[in-house]
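Visitor: Could you walk me through this model, one piece at a time?
Guide: Gladly! Let us look together.

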Amino acid sequence: MSPRSDADPHARLREDVDLLGRLLGETLQSQEGQPLFDTVEQVRQLSKKAHRQDQGPFQQLRTLLEELPEERALRVARAFAKFLTLANIAEQHHRVRRRRQYQRDATSPPQRGSFEETFDDLLNQDIDTDQLYEAVCNQQVELVLTAHPTEVVRRTLQQKHNRVAALLRRRDRPDLTPREDQQTTEALRRQIVSEWDTDELRGQRPTPEDEARGGFAVIENVLWDVVPQFTRQLSETLHEHTGRWLPRRAAPVRFGSWMGGDRDGNPNVTPEVTRRVCLMSRWMAADLYYREVDQLRAELSETTCSDELRDVVGDAHEPYRELLAGVRRRLADTRDHLAALIADEPPPEGDIYWQEDELWEPLQLCDRSLRDSGLDTIADGRLLDLMRRLACFGLTLMKIDLRQESTLHTRTLDAVTRHLGIGSYADWKEEERIDFLVEELNSNRPLIPPHVVFEDDNVQDVIETLRVAAEIGEESLGAYVISMAEQPSDVLAVELLIQETFGYSAMRVVPLFETIDDLRRCGDVLRRLFSIDWYRRRVGDRQEVMIGYSDSAKDGGRLAAAWELYQGQERIVSACEEFDIRATLFHGRGGSVGRGGGPTYMAILSQPPGSVDGTLRVTEQGEMIQSKFGQPGIAERSMELYTTAVLRTTLVPPKGPRDQWREVMDELADNAAESYRSVVQDESDFVDYFRAATPEVELGGLNIGSRPARRQTKEGLDSLRAIPWVFAWTQTRLMLPAWLGTGDALEQTFGSAGEDTLAQMYRQWPFFQSTIDLIEMVLAKAVMRIAALYDEVLVPEPLQPMGSELRRRYANTVEAIKTLTGRDELLENNPVLRNSINVRNPYVDPINLVQVELLRRLRQDAADSDQIQRAFLITVNGIAAGMRNTG
């Protein structure tokens, strides 16, 4: 067994990475031969030298890779991509290991953001135990899993990655014998060999149902076991601090899904797809509960029970097993019934679980009986874990949101009014629309004839989707999200369509404000809605509003978008408070900084006062699902951070910015947006440059998501989704969307507001500090030498000055950030992250060099374009692994 030293906290991470790298090297030698291994080693050594020296080794590296045959270049790129993936697994495992070290060391302070640290701190801030207990019990955080086209790793490979992580965990056991240690190493070798011989590319684009299965797999393989562990830890810590346990039906964190329900710009999500995904979700839940009840029944052999249970089971010798046998039979019937519906076959007869309470009642009866019989210890075991699962997942695992763009609802109502001969809804002014909608909402008469079929397929799809949703039932459904919501009628239109199809107001209707203009109007939109008596009665004391990070950042740049989103939340909270309504903010955050991503804990703590009021919904998109919930230890920590950040922000809201800081931030945002748009919107050649300098066009061939990259078929940035916009710049390492505009804005504002004022804002205002820190992180990840290479090889000469100008702006932004933070180097205050980036870059650079050459050949219409396309797509996977995110 290899020696393990804890003197250096990262020694064991280096040991894991070295082992995985050695096993990968041996795999290359055995599977591909010594020549390929030698080439990979030569590339690795040259790349490391290139990071220590000037252009000499870099040019040698370029020449070597350019001269490689396509097949050899493909295998070299694969080797580096595999190493980066293995390094990622090791890093994630090390995070869990370090957390466990924290928990084992009784002398160390609690980990930041842990239950212990948060509860201690809150109670020291004059929060009493009753306030703490009630806040925890009533907290509602929902993490909504979405299948955006950013997840480049096949589910088959994710499963292999999870097995590698499990083997690394096994290697940490202190009681392994030398033979067991060697067997574990050999098992790792087998996984790496298997992964090398597995195709990392999907044969075809995944369907929405495939994406939903991926979400179910995360629950089945990780969250199903993590949720009761997480809730047990929370309950125990809460009891230590308040003397009371978490109620059995409390679920501070739940999960939702857009997979199979998000039809905005995705024609592949049909009403039938939504129906099938909802049924699949119920089937998976029934199957998981069946297995759990079967194990619970085997465990509960006790013969002592309460009179209440005895009245139900009669004189059965083992009353709990008798009761649970009936539960198990009913779950089996439910599973068979759903399987038949999914297969479009007549369902068998049986007693089916449709409502959560139906399953909860027998479990609660078991719980009461055990406690009445003095068997609390038994009740607090597997039975409590099952009840915690049911409280979190219900009978549907995840409630599915529906999402559609507002313009399609307008088209639908226009088709209806035209059909009825009462005019053109689309031509009416806003107040006319509102009057019509409110009159219909207050009326009991049907508006849409039941058997009419509209010629417009999009209109028919909107109506059929809601009809299917009505058949599915509320328990499977979450919110109806309206993309590109701009005015009150956009919300009322959906309320009317739901009322028409369900017969009552069934789903939460949630406007999504995405663009900067929409964020500025959102408060007035809500005030107008709340002034309508019907709507005020409809929402009661809670209004949910979604804000979109991706499109606002694409519209005005990251810095301006961050401030607009902050102010948008303030406007939402203010409008709700005026009408004594509580706001639930739904954050449509992406994985990358350019689309609102970043560390969860600080993001929540830096929200405006009142915007996190015991509730929060957040999208978890693409590769971030695997990153945050792919391994049990990481998933549990992610849920803990969400819980404690929301709790802290609810009980001790952050202070708002000073008036002077607002004025400075207004100036910064205006300057940043102007600078950003002067490039992205005003430069007539920018789109041509973007499409030449990045692989945006070629990325369309990558089978990584069911949704098209564009909302419409037209070219240009307006129709391009924010995800491939960020994805393309990440591949070239320029990382443009996250920083463009920031440098110019800071330089201008240094002159007007003064460096001292901005430095004070950075030190004392969490929002500003977290925004700048995220931009600094992206700047540290960017590599201008690589970005310049894409320009040199791929961009027509007349457009190349644009690339030079962007790199100049990058350099100016770096200097401006260093001036603001008072640091001499980027990430000077985060040496662990800086070291991780520096270690990764020599392994990512060769993949970029291969990609540039492959793109050059692709664009020259090379004869064997299929082979080149395949090699290119492998480089995309490798760079995404090295950058730790895609879009």
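**A leucine in a loop**

Guide: Leucine 201 lies in the loop between helix H8 (178–196) and helix H9 (208–242); helices are DSSP runs of H or I with at least four residues, and strands are E runs of at least two, numbered from the N terminus. This is a predicted model, where local features need pLDDT of at least 70, side-chain atom pairs count only at pLDDT 80 or more, and totals for chains, interfaces and linings use all residues. Residues are numbered from 1 along each chain as its sequence is written, and side-chain values use heavy atoms, leaving out hydrogens and water.

Visitor: Is leucine 201 buried or exposed?
Guide: With a 1.4 Å probe and protein chains only, buried means under 20% relative accessible area, exposed over 50%, and partly exposed in between. Leucine 201 has a relative accessible area of 10%, so it counts as buried.

Visitor: How far apart in space are leucine 201 and lysine 399?
Guide: Along the sequence, leucine 201 and lysine 399 are 198 residues apart. In space, C-alpha to C-alpha, the distance is 30 Å.

Visitor: How are H10 and H12 oriented to each other?
Guide: The axes of H10 (residues 271–299) and H12 (residues 319–342) come within 9 Å and cross at roughly 155°. Axes are lines fitted to C-alpha atoms, for helices over the stretch in contact, with angles from 0 to 180 degrees between N-to-C directions. Angles under 35 degrees count as roughly parallel, over 145 as roughly antiparallel, 65 to 115 as roughly perpendicular, and the rest as oblique. Therefore H10 and H12 are roughly antiparallel.
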